[in-house]
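Please find below my notes on the model, arranged as numbered points. They go from the conventions to the whole chain and then to single positions.

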Amino acid sequence: MKIGIIGAGNIGSLLAKKLDAAGHQVKLANSRGPESLADTVAGTGIQAVEGEAAVDADVVILSVPFAKNPDLATVLAGAPAGAIVVDTSNYYPARDSKIPEVEGGKPETVWASEQVGRPLVKAWNALLTQTLAEAGLEAGAPDRIAIPISGDDAAAKALVSDLISVTGFDTVDAGTLEESWRLQPGTPAYCTELTADELKAALTAADKKRAPSNRDAIMASFSKPGAEFTRAGAVATNRSFSA
Ligand SMILES: NC(=O)c1ccc[n+]([C@@H]2O[C@H](COP(=O)([O-])OP(=O)(O)OC[C@H]3O[C@@H](n4cnc5c(N)ncnc54)[C@H](OP(=O)(O)O)[C@@H]3O)[C@@H](O)[C@H]2O)c1
């Protein structure tokens, strides 16, 4: 499959490497140009590109800071009409500045979809970089971690779920994009490393009103003086604040 990834940071570059290793044709772009990706793509089949990551893609993965999504409309205008577009982004107002519609309750990926002018599938947003890097298992492995997926197109979600499996994780369908607040920061499904059965319960238990304050409290606890960020500590904190 031809996969274009826009955003080559923690998540985009890891996805590129995993999907390349699984035999997909991966193009990867960032904002600084292909030369800056030389180290990332060295020794892989990944092609570092300028603006053409989406041109002939079957799947385009957007993995940029949330507030940068509007910048991607131009690149996506060149993507094939049938390409499936995936959003990995999460809204953190301290980083992204406040976006009134999202503050007002519009699900993050609904906003992103409006900005980029394409239907989106929300995926890979609810796992830590470290989880993606370290915790993937073969399909069928006991206690394999599951991640949620949202979107309005069942066929697109099925295809993205297959790609998620290649990256080491099971998938739980969390419903439509309008329901995708259930996998946003501050919810029990967000970066809590659950199995599929546990994740289904977590999605059901999500509280839309509480999630933003949970998110902000979690971020405040990570930035306390002397706080050390570890995968286990972050998962425990996420679980405890969102319970
Ligand atoms: N980190 C996590 O644990 C995690 C987990 C799940 C989801 N997420 C979400 O996934 C998204 C990416 O996270 P990350 O941690 O990978 O971010 P990151 O390390 O900050 O990387 C962001 C990438 O986006 C690129 N970028 C920014 N604006 C762009 C533009 N206009 N065109 C093309 N590329 C652009 C940057 O390129 P330059 O460096 O060249 O500017 C960089 O490669 C965020 O929304 C984040 O909230 C993060």
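1. Contact, here and in every point that follows, means heavy atoms within 4.5 Å. This is a predicted model, in which local features need pLDDT of at least 70 and side-chain atom pairs count only at pLDDT 80 or more, whereas totals for chains, interfaces and linings use all residues. Residues are numbered from 1 along each chain as its sequence is written, and side-chain values use heavy atoms, with hydrogens and water left out.

2. Along the principal axes, the C-alpha atoms fill a box of roughly 40 × 40 × 40 Å.

3. The chain holds 11 helices and 8 strands, these being DSSP runs numbered from the N terminus (helices H or I, at least four residues; strands E, at least two). Of the contacts between residues at least 6 apart in sequence, 68% join residues at least 24 apart.

4. As for burial, 52% of the 243 residues count as buried, where buried means under 20% relative accessible area, exposed over 50%, and partly exposed in between (1.4 Å probe, protein chains only). The accessible surface of the chain comes to about 10,700 Å², and 53% of this area belongs to carbon and sulfur atoms; the areas come from the Shrake-Rupley method with a 1.4 Å probe, and for residues only the protein chains shown count as cover.

5. The chain carries 22 positive and 30 negative charges, whose mean positions are 4 Å apart. Lys and Arg count as positive and Asp and Glu as negative, while His and the chain ends are not counted; the place of a charge is taken as NZ of Lys, CZ of Arg, CG of Asp or CD of Glu.

6. The UniProt record, an unreviewed entry, places the feature "domain: Pyrroline-5-carboxylate reductase catalytic N-terminal" at residues 2-91; such annotations may be inferred rather than shown by experiment. Over residues 2-91, the model is 23% helix and 22% strand, with the end C-alpha atoms 28 Å apart.

7. Which residues does I61 touch, apart from those up to four places away in sequence? I61, which sits in strand 4 (residues 59-62), touches I3, G4, I5, I6, L15, L19, V86, T88 and W124. I61 counts as buried because its relative accessibility is 0%. Its C-alpha atom is 11 Å from that of L19, a residue 42 positions away in sequence.

8. H24 lies in the loop between helix 1 (10-21) and strand 2 (25-29), and with a relative accessible area of 16% it is buried. Beyond its neighbours up to four places away in sequence, H24 touches M1, I3, L19 and L163.

9. Two backbone angles deserve a look, since most residues other than glycine have a negative phi. W124, in the loop between strand 6 (121-122) and helix 7 (129-134), has a positive phi of about 60° and counts as buried at 1% relative accessibility. S97, in the loop between helix 4 (93-96) and helix 5 (100-103), has a positive phi of about 65°, and at 45% relative accessibility S97 counts as partly exposed.

10. K98 is found in the loop between helix 4 and helix 5 and is exposed, with a relative accessible area of 63%. Leaving out residues up to four places away in sequence, K98 touches Y91, P93 and E103.

11. Two glycines in loops complete the list. G45, between helix 2 (38-41) and strand 3 (47-48), counts as exposed at 54% relative accessibility and, apart from residues up to four places away in sequence, touches D20 and V26. G168, between helix 8 (154-166) and strand 8 (170-173), is buried at 6%; leaving aside neighbours within four places in sequence, G168 is in contact with G136, L137 and R144.
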